[in-house]
Amino acid sequence: MATRQLQVYLDLMSQPCRAVQILLDSTEIPHTVRTVALRRGENRTPDFTELNPMQKVPVLVEEDFILTESDAIMKYLATRYDVPEHWYPRQPERRYTAWHQTNTRPHAAKVFILEVLLPGQTGSQVDEGRLIRALSQLEDTLDKLESMFLRRQPFLCGDDITVADLLAVCELMQPLGGGRDVLRRRPKLQRWRSRVQAAVGESFDRAHAVLYALRDRRKAKL
């Protein structure tokens, strides 16, 4: 395969950006990272808006080809590059990737928004009523992960890691930025997370370093 110039625009505070970064690092796909700091509004600059009019990350640019949306980007990387087939299996029944979009993503993100983003942006106290409801919705999602996907298999789609595991685990890591480990009382899901970490090696902690730093800064203020 001829060498192509692959660039990815990421903010690693973003869950899907971390999933893309872990896939790139753990599969050793050559790439260049262009950091887009969402908190500084860099996603709204004219140059970035030209790349993605939706003003969202991640974005993949490969020569004159531009691709947005993490799910599409990860499928593209897994099929375009010479990576192990397990990342995006040929069997259609093992290609689950989208369940998290309406489950792990909104519910884990809401906890992070209520505990970290909104208080940080407005200086207000955490809305405990909304937080309790968000945690309840998240618990229901975690129940389904255990009963529907991990009841008889080590990873979400079977016996090996796929892009689905990266997308889901990065979402469930997000509340850790506020010091909340949502898997703390979930030994089955803790073991799954450990298997994901073992499968991708140091790329997991590298991608989450910015989240760990946020957690540690918040702890130091308490």
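Is Cys-157 buried or exposed? I looked it up, and Cys-157 is buried, at a relative accessible area of 8% (buried is under 20%, exposed over 50%, partly exposed in between, with a 1.4 Å probe and protein chains only).

**Ground rules.** My model is predicted, so local features need pLDDT of at least 70 and side-chain atom pairs pLDDT 80 or more, while totals for chains, interfaces and linings use all residues. I count residues from 1 along each chain as its sequence is written, and side-chain values use heavy atoms, leaving out hydrogens and water.

**Cysteines.** I searched for disulfides (two cysteine sulfur atoms within 2.5 Å) and found zero. For Cys-157, the nearest cysteine sulfur belongs to Cys-170, 15 Å away. Cys-170 is buried too, at 0% relative accessibility. Its sulfur lies 9.9 Å from that of Cys-17, the closest one, which is too far for a bond.

**Aromatic rings.** Next I looked for aromatic pairs (ring centres of Phe, Tyr or the six-membered ring of Trp within 6.5 Å; planes under 30 degrees apart are stacked, over 60 edge-to-face, the rest tilted), and the whole structure has three. One of them joins Tyr-9 and Phe-48, tilted at 55° with 6.1 Å between centres. Tyr-9 sits in strand 1 and Phe-48 in helix 2, so this pair ties together parts 39 residues apart in sequence (helices, H or I of at least four residues, and strands, E of at least two, are DSSP runs numbered from the N terminus). I noted that both residues are buried.

Phe-65 and Tyr-76 are also paired: their centres are 5.2 Å apart and their planes at 40°, so I logged the pair as tilted. Here Phe-65 is partly exposed at 31%, whereas Tyr-76 is buried at 17%.
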